[in-house]
Each structure stands twice: as C-alpha cells, then as structure tokens.
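Open the model in your viewer and keep the selection tool at hand. Each stop below says what to select and what is there.

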Amino acid sequence: MSESRRTTYLKHVEPNSVSVFFSGIAPQRSSDQSYPFSVNRNFHYLSGIDQENAILVVIKGQSKEGSLLFIKRPDPEKALWDGETLTFEKAAGLSGLDVESVKDIDTFKETLHGILSVTRKAVYGLIDTIHIDLGQQHA
C-alpha cells in the first residue's frame, strides 16, 4: 500500500526533486522516561512505518525514481529496556521497499550528500528542489 502511495506522490512532485520525511522523536518526560510517541502522519502514510527516529527519502530524478528508508540499527541490549525495534528486513516488508533501500540512519547525511552531488556519481541527475517535512518535532 505504501508503495502505491509513494507512486501517487511522485506524480504530483516536480522532476529533479528530493522529498525528506521525518517520523519524529518521542519527547523526554524524565531521564529514563519518554512521553508516548506519535508518528508524523505524512511519514507513516508514505512509509507504513510507525517508529521514531526514522527518515524516508523520496527521489524523483530526470529519468529515475526511488525511495530510501533510514532507521536505527536494532540494538539487542536496548531492546531489553525499550522493546524491540524494526529490523531492516521487517521495515522493508512494511514499507514495500527492497532491503537494499533500507539503510542505517547513521548513513543519512552521507547518502543525502551523494544524492545531491553534482558530480558524475549522482545517480538521479541534478536535483533542483528539496521538500522537507519535519512533522511535529519536540525539543
């Protein structure tokens, strides 16, 4: 379902553009407690993912389109305290993306830099427009 929603979204966005959607972050209540997390609706609508601290990048190049999902790599120790998070395989299944399109969030800046690069290595061509949907971010 999310895949068809991204396809529809791409029909409405101009060529040579990148759209970045952030899932949001649960605000801290205290040093060991967070308020309940509510995902950015636009992020969820296009990705099918309900997890904090994730990023969806939707690219419409001159002749190629694509999507990348950035999530935190699962941490078994943290899972004992906070509960399980999505694996790359689970996230790929929920979002309708290939596993290769699900990346570690620590590589987001480097990957975005590569997408926006004007060198020959740029896969999608020259990008003219960037759309950023921060959603509801809390300090």
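Select Y9. This residue is partly exposed, with a relative accessible area of 23%. The model is predicted, so local features need pLDDT of at least 70 and side-chain atom pairs count only at pLDDT 80 or more, while totals for chains, interfaces and linings use all residues. Residues are numbered from 1 along each chain as its sequence is written, and side-chain values use heavy atoms, with hydrogens and water left out.

**Ring pairs**

A pair of aromatic rings is described by the distance of the centres and the angle of the planes. Rings of Phe, Tyr and Trp (its six-membered ring) pair if their centres lie within 6.5 Å; planes under 30 degrees apart count as stacked, over 60 as edge-to-face and the rest as tilted. By this rule there are 3 aromatic pairs.

Helices (H or I, at least four residues) and strands (E, at least two) are DSSP runs, numbered from the N terminus. F21 is buried, at 6% relative accessibility.

Now select F70 and F108. Here the centres are 5.3 Å apart and the planes are at 80°, so the pair is edge-to-face. F70 belongs to strand β5 (residues 65-71) and F108 to helix α5 (residues 108-116), 38 residues apart. F70 is buried at 1% relative accessibility. F108 is buried too, at 12%.

Switch to cartoon view. In which order do the 5 strands of the open sheet run? The order is β6-β5-β4-β1-β7, with mixed pairing. Two strands pair if DSSP finds at least two bridges between them. At the edges stand β6 (102-104) and β7 (129-133); each has a single partner strand, so one side of each is left without a neighbour in the sheet. From one strand to the next, the twist averages 20°.

Focus on β1 and β7. They pair in the parallel sense over 5 bridges. F21 stands opposite D133 in β7.

Next, find helix α4 (residues 88-95). It lies across β5 and β6, running at about 140° to β6. Axes are lines fitted to C-alpha atoms, for helices over the stretch in contact, and angles run from 0 to 180 degrees between N-to-C directions. Contact means heavy atoms within 4.5 Å.

**Helix α5**

Which residues of α5 are buried? They are F108, L112 and I115. Seen down the axis of α5, they fall within an arc of 55°, so they line one face of the helix. The arc is that of the directions from the helix axis to the C-beta atoms. On the other side of α5, K109, E110 and H113 are exposed. The cover over the buried residues of α5 includes β1, β4 (55-60), β5 and β6.

**Last stop: V13**

Select V13, in the loop between α1 and β1. V13 is buried, with a relative accessible area of 7%. Leaving aside neighbours within four places in sequence, V13 is in contact with S19, K60 and H131. Finally, pick the C-alpha atoms of V13 and I59: they are separated by 9.6 Å, and the residues are 46 apart along the chain.

Notes. Buried < 20%, exposed > 50% of the residue type's maximum accessible area, 1.4 Å probe, protein only.
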